[in-house]
Amino acid sequence: MVSLSQGMINGQSPSNLPIYRLCPEIRQVPQSQSTWRLNGKLSPDSIPTGTDVFVKIHNAMINIIASTRQDFDGLATTFNDRSWSRNNMQAYFRLIEHNLYLVPLLAPDHGFNGWLKTSTLPLDVFIADPLLLDAQTTALVASLALAGLPLLDLNNLAGDGATGVNSVSVTVDENHERSSVRGRLVAVQQAHPKQLHTSLDTLATKILLCDSGSGPTAYGVQIAPGAALPVASNFNGKATLNLQNVTAKYEVIVSAGVFQSPQLLMLSGIGDKTQLAQFGIESVVHLPGVGTNLQDHDEVTVNWRMKSNYSLFDGCKFLSDPAQDPCLQKWLDSDHLNLYAFAGSIDAVVTQSSSAVPAPDVLTYFLPAYFPGFFRGAPQQLADNHNALTAVVLKGHPSSQGTVKLTGSDPQDLLDIQKLHFQAAGGPADIAAIRDGIKRARAIVESRPVGLFVAEELAPGPNVTTDDELDNHILNHVFGHHACCTNAMGPDDDPNAVLNGNFQVRGVSNLRVVDASSWPAVPGFFVTTPTYMISEKAAKVIIAATKARAT
């Protein structure tokens, strides 16, 4: 059951309620009258009634689960639970995937009936308009094909620890449109309009906790409709919030992301008691690991200016209004057959930086665009430059560990986020791996057919050649966009473990966290699809727990 309570509660306004009190009586309703919220990762017939889930996700469409064996097998060892093994977790990939480019009989590790549609390069764009495949683009594709042995599949079990060159799988459907959680949510809502309810532009401010007699218990979430985080586009300054309570019949499941999930726990009194005390927050459960262990892949780009614009980019301004973007208008008029059908990356080169690491740990992906990394102004730079090439060197399983800390007790206060790139003991080795990746990307471009079309290297630049110069460039230009791991799963004897192997928050009943923050280490090369996989596993665990309650 989900119920909204507004205004006064037991004679107090919601904002003045103590953070922890005796559990209230929650009115039970017949199951047929119940409602629930979900995160788009659970099967439509499998949502346990009375679960509150608050959603936040970002997806850049690259669909890779390679190099996750050490992640999943590590969890299997940690929890002595073979259901976490890499081989078993492939079943969850098959469950979610709707593959559009392989033959089922020849691809047993892939799924063909899931909600996440996957494809590769949209070659039909060039068939529809051969003039878009200019000599420069042809040379680029040929150069990448010659960059190493072909790696046919980064998403099957055999490809998990392989090296080579791969045409990247992306989450793009047969109409060349993004396939994502949004589509999943819309489909479920249309199929079950009376059961799935979403609240847009709503800020979760606190998990409601109470004393059940046997310890802290989560019984709902406090929300503020119309409110926004200070980094949101619709944030207009801190203001008095219209607080409401949403109560849960069974469990509260938090999926607010790598930054807001730990923030929500800390605002609710779950976290390091010393940090909470600094902001006058009552400590309910001392979990010092909340907000620590922030991890991300380390990425650095190599950029070149080409001699000519790509024909594929003609008229493209990357705007949302067809009247102002001829390329968008053509995309609409041509059955989506132009540049906007592409997800970005053309090919990826997977390598292993050292025999000392257990698996391939460097992935370099190439895109025919100017992309300096996720920095301010990058989208406009990409839109303005139609004659560029970028190689993004990504270090998998890096050593960096940062933190997410509060700066105040208000849910609209900014967070103190410190990624601390390369500051752990393995930092020098990570820098060396990226340095070698930059050298490798340069060699691919300089010695292959595409090199004939390159005007100059923009970054790091032709004068950056020595190891020291490259290392300095890496330190000043590193970025990441796969942040995770701030509510890490871990064993019972780990004082920094926030969650157990069933995603339950330690020391609190009826509370789970299921999102990218749940990982103990940043997985593989890309986090989105592996996070979908663990979310499906969480769904199975939650369903089993709900059925157990009913018996």
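Buried means under 20% relative accessible area, exposed means over 50%, and partly exposed covers what lies in between. With that in hand, welcome to a set of close-ups of a predicted model.

**View 1. Four aromatic rings gather in a cluster.** Ring pairs link Tyr310, Phe313, Phe318 and Tyr340. Let us start with Phe318: its relative accessible area is 34%, so this residue is partly exposed. Phe313, at 3% relative accessibility, counts as buried, and Tyr310 is buried as well. In the whole structure there are 12 aromatic pairs. In one of them, Tyr310 and Phe313 place their ring centres 5.7 Å apart with planes at 35°, so the pair is tilted.

View 2. How many disulfides does a search of the whole structure find? The search turns up 2, and this view takes the one between Cys316 and Cys327, with an S to S distance of 1.9 Å. Distant parts of the chain are linked here: Cys316 sits in the loop between strand 13 (298-306) and helix 8 (326-333), while Cys327 belongs to helix 8, 11 residues apart from its partner. Are the two cysteines buried or exposed? Cys316 has a relative accessibility of 2%, so it counts as buried. Cys327 has a relative accessible area of 3%, which means that it is buried too.

**View 3. A disulfide joins Cys484 to Cys485.** The S to S distance in this pair is 2.4 Å. If you turn to the torsion about the S-S bond, you will find -50°, and the link is left-handed. Both Cys484 and Cys485 are buried.

View 4. Follow the strands in the order 6-14-15-16-13-19 and you will see antiparallel pairing. Which strands form the edges? They are strand 6 (164-167) and strand 19 (454-459), each of which pairs on one side only. From one strand to the next, the twist averages 20°. Within the sheet, strand 14 (residues 347-351) and strand 15 (residues 362-367) run antiparallel and are joined by 4 bridges. Look for Val350, which stands opposite Leu363 in strand 15. As a reminder for reading this view, strands of a sheet pair through backbone hydrogen bonds, either parallel or antiparallel.

**View 5. Two helices lie across strands of the sheet.** Helix 4 (residues 135-145) lies across strand 6, strand 13, strand 14, strand 15 and strand 16 (388-395). Its direction is at about 25° to strand 14. Helix 11 (residues 467-477) lies across strand 13 and strand 19, and runs at about 105° to strand 13.

View 6. Helix 10 covers residues 427-446, and at 1.5 Å a residue it should span 28 Å; the C-alpha atoms at its ends are 29 Å apart, so the two values agree. Which residues of helix 10 are buried? Among them are Gly427, Asp430, Ile431, Ile434, Arg435, Ile438, Ala441, Arg442 and Val445. A handy rule for tracing such a list is that an α-helix has 3.6 residues a turn, so residues three or four places apart point the same way. Ala433, Gly437 and Ile444 are also buried in helix 10.

How values were computed. Residues are numbered from 1 along each chain as its sequence is written. This is a predicted model: local features need pLDDT of at least 70, side-chain atom pairs count only at pLDDT 80 or more; totals for chains, interfaces and linings use all residues. Side-chain values use heavy atoms; hydrogens and water are left out. A disulfide is a pair of cysteine sulfur atoms within 2.5 Å. Buried means under 20% relative accessible area, exposed over 50%, partly exposed in between (1.4 Å probe, protein chains only). The expected span of a helix is 1.5 Å times one less than its number of residues. Two strands pair if DSSP finds at least two bridges between them. Axes are lines fitted to C-alpha atoms, for helices over the stretch in contact, and angles run from 0 to 180 degrees between N-to-C directions. Contact means heavy atoms within 4.5 Å. Rings of Phe, Tyr and Trp (its six-membered ring) pair if their centres lie within 6.5 Å; planes under 30 degrees apart count as stacked, over 60 as edge-to-face and the rest as tilted.
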